[in-house]
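User: I would like to learn how to read side-chain pairs and helix packing in a structure. Please take me through the features one at a time.

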Amino acid sequence: MNGTTQQQLADEVGIKFQQIQKYEAGTNRVSASRLWDISNALQVPVSFFFEGLEQDVQLQSHMDDLPLDIFSSKEALNLLRSYYAMPENQRRRLFDLADVLSKAA
């Protein structure tokens, strides 16, 4: 969808164009699932939105262990949706648990 207007993108994703404006301006955060929808509508990989960003060395070392198509996995997207549906304090506890379990594996 090269040359897509905000209205066209909003229609494709199923939201109002004002929300697209807020995402673009950085006023509102974009959820992982919404970013996935936007990348599909624009026919670009999710990684397109992160090009040019410097990678944190620790994050990069964890990313090397992930499959390249991690965001095309329905399981991964459902896990992300569930994770971000939790209150922040519960997310932190779950994250800490996952970190401990992954180190033990």
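User: Is D37 buried, partly exposed or exposed?

Analyst: A residue counts as buried under 20% relative accessible area and as exposed over 50%, with partly exposed in between. In this predicted model, D37 has a relative accessible area of 29%, so D37 is partly exposed. R34, at 23%, is likewise partly exposed.

User: Which side chains meet in a salt bridge at 3.8 Å, N to O?

Analyst: The criterion is a side-chain nitrogen of Lys or Arg within 4 Å of a carboxyl oxygen of Asp or Glu. The side chains of D37 and R34 meet in this way, with an N to O distance of 3.8 Å. Both residues belong to helix α3, which covers residues 32-42, and because they are three residues apart, about one helical turn separates them.

User: How many salt bridges does a search of the whole structure find?

Analyst: The search finds three.

User: Where do D96 and R92 lie, and how many residues apart are they?

Analyst: They lie in helix α6, residues 88-104; being four residues apart, they are separated by about one helical turn. D99 and K103, in helix α6 as well, are four residues apart and therefore also about one helical turn from each other.

User: By what values is the packing of two helices described?

Analyst: Two packed helices are described by the angle between their axes and the distance between the axes. Here, the axes of helix α1 (residues 6-13) and helix α2 (residues 17-25) come within 8 Å and cross at roughly 110 degrees. That angle makes α1 roughly perpendicular to α2.

User: Which residues of α1 and α2 meet?

Analyst: From α1, the residues are Q6, Q7, L9 and A10; their partners in α2 are F17, I20, Q21 and E24. Sorted by class, this contact of α1 with α2 has four nonpolar residues, three polar and one charged.

User: How do the axes of α1 and α3 cross?

Analyst: These axes come within 9 Å and cross at roughly 115 degrees, and the crossing is right-handed. L9, E12 and V13 of α1 make the contact with R34, D37, I38, A41 and L42 of α3. By class, the contact of α1 with α3 has five nonpolar, no polar and three charged residues.

User: What is the value of phi at Q43?

Analyst: At Q43, phi is near 60 degrees, a positive value in a residue other than glycine. Q43 lies in the loop between α3 and α4, the latter spanning 57-63. With a relative accessibility of 65%, Q43 counts as exposed.

Conventions:
Residues are numbered from 1 along each chain as its sequence is written. This is a predicted model: local features need pLDDT of at least 70, side-chain atom pairs count only at pLDDT 80 or more; totals for chains, interfaces and linings use all residues. Side-chain values use heavy atoms; hydrogens and water are left out. Helices (H or I, at least four residues) and strands (E, at least two) are DSSP runs, numbered from the N terminus. Buried means under 20% relative accessible area, exposed over 50%, partly exposed in between (1.4 Å probe, protein chains only). Axes are lines fitted to C-alpha atoms, for helices over the stretch in contact, and angles run from 0 to 180 degrees between N-to-C directions. Angles under 35 degrees count as roughly parallel, over 145 as roughly antiparallel, 65 to 115 as roughly perpendicular and the rest as oblique. Contact means heavy atoms within 4.5 Å. Ala, Val, Leu, Ile, Met, Phe, Trp, Tyr, Cys and Pro count as nonpolar, Asp, Glu, Lys and Arg as charged, and the others, Gly among them, as polar. A crossing is left-handed if the near helix is turned anticlockwise from the far one by less than a right angle, and right-handed if clockwise.
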